[in-house]
Amino acid sequence: MSQFNQALADKAPLLGTFIKTPHPHNTEVLSQLGFNTLCLDAEHAPFGRADLDSCILAARANQQHVIVRIPNDHHDTILNALDLGADGIVVPHVKTPQQLEKVIANSYYGHNGRGYAGSTRMASYTTSAIDKNLAHNKANTTIIAQIEDLDALDCLDEICEVEGLHCLFIGRMDLTVALGETNPNAPIVIETVEKIVATANKYGVTTGMFIANLDELEQWLEQKVSLFLLGSDHSFMLAGARNLQARFEQAKNG
């Protein structure tokens with residue numbers, strides 16, 4: 001089992017961030033900081049296959065664990081991300097255990113599963129033997145299911161029982177909208193998120209989330225949430241620029 005997957009299994013606190021820019025420089029720069037993982041957001045940012053290829057290469061060149069939030073749960077989408085060398089996937093809008101079982105099957109080699117090619121980055125471009133590639137795929141692939149639809153709440157227990165799931169990632173903003181709210185801190189939203197965490201804990205399943213307010217970190221850590229994907233390259237640029245503007249105005253006005 002990879003170090004990252006073991007940490008997820010142990011519910012160790014893990015910090016990652018989203019990459020929204022489909023250029024390898026941002027991935028390369030953030031790979032210098034020691035995040036537990038970087039998540040290339042191919043669901044909400046304009047990542048094409050070539051963009052994923054170069055960004056995953058930038059991460060791997062710096063020994064950075066990298067996952068891809070894929071835009072859908074299709075077999076070819078999963079295959080693409082993993083063949084390019086991603087360490088795992090975040091699958092949006094997981095609603096049923098049957099859907100998750102299919103995603104997991106498509107992430108691993110075997111009967112009715114992931115198609116095998118030895119010419120990929122993951123397989124070291126034919127220089128790694130098939131048995132080693134099969135073992136690497138089995139031991140190191142990270143599967144994270146995003147829970148962000150009300151439909152999923154109806155079968156959350158069954159989703160938590162699916163073998164091969166490494167983490168449930170709670171899509172709080174989508175849940176906010178689905179619940180008819182505009183504030184992610186609305187009581188019904190917090191209640192729903194806490195219900196997901198509690199159900200996952202009951203089955204020993206690791207949870208993760210994005211939060212905008214870092215003051216919440218301690219309370220979610222106390223509830224045994226493990227994986228935090230916080231901020232993004234865009235938010236870091238904006239925060240730095242705002243700080244620069246504020247410092248300049250302060251100096252200018254004495």
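Buried here means under 20% relative accessible area, exposed means over 50%, and partly exposed lies in between (1.4 Å probe, protein chains only). The model is predicted, so local features need pLDDT of at least 70 and side-chain atom pairs count only at pLDDT 80 or more, while totals for chains, interfaces and linings use all residues. Residues are numbered from 1 along each chain as its sequence is written, and side-chain values use heavy atoms, leaving out hydrogens and water.

View A. Rings of Phe, Tyr and Trp (its six-membered ring) pair if their centres lie within 6.5 Å; planes under 30 degrees apart are stacked, over 60 edge-to-face, and the rest tilted. F18 and F169 are 151 residues apart, in strands β1 and β6 (strands are DSSP runs of E, at least two residues, and helices runs of H or I, at least four, numbered from the N terminus). Both F18 and F169 are buried.

**View B. K20 sits over the ring of F18.** The charged end of K20 lies 5.2 Å from the ring centre. The criterion is NZ of Lys or CZ of Arg within 6 Å of the ring centre and within 35 degrees of the ring normal.

**View C. Y109 and Y116 form another edge-to-face pair.** Their centres are 5.0 Å apart, with 70° between the planes. Y109 counts as buried because its relative accessible area is 16%, whereas Y116, at 37%, is partly exposed.
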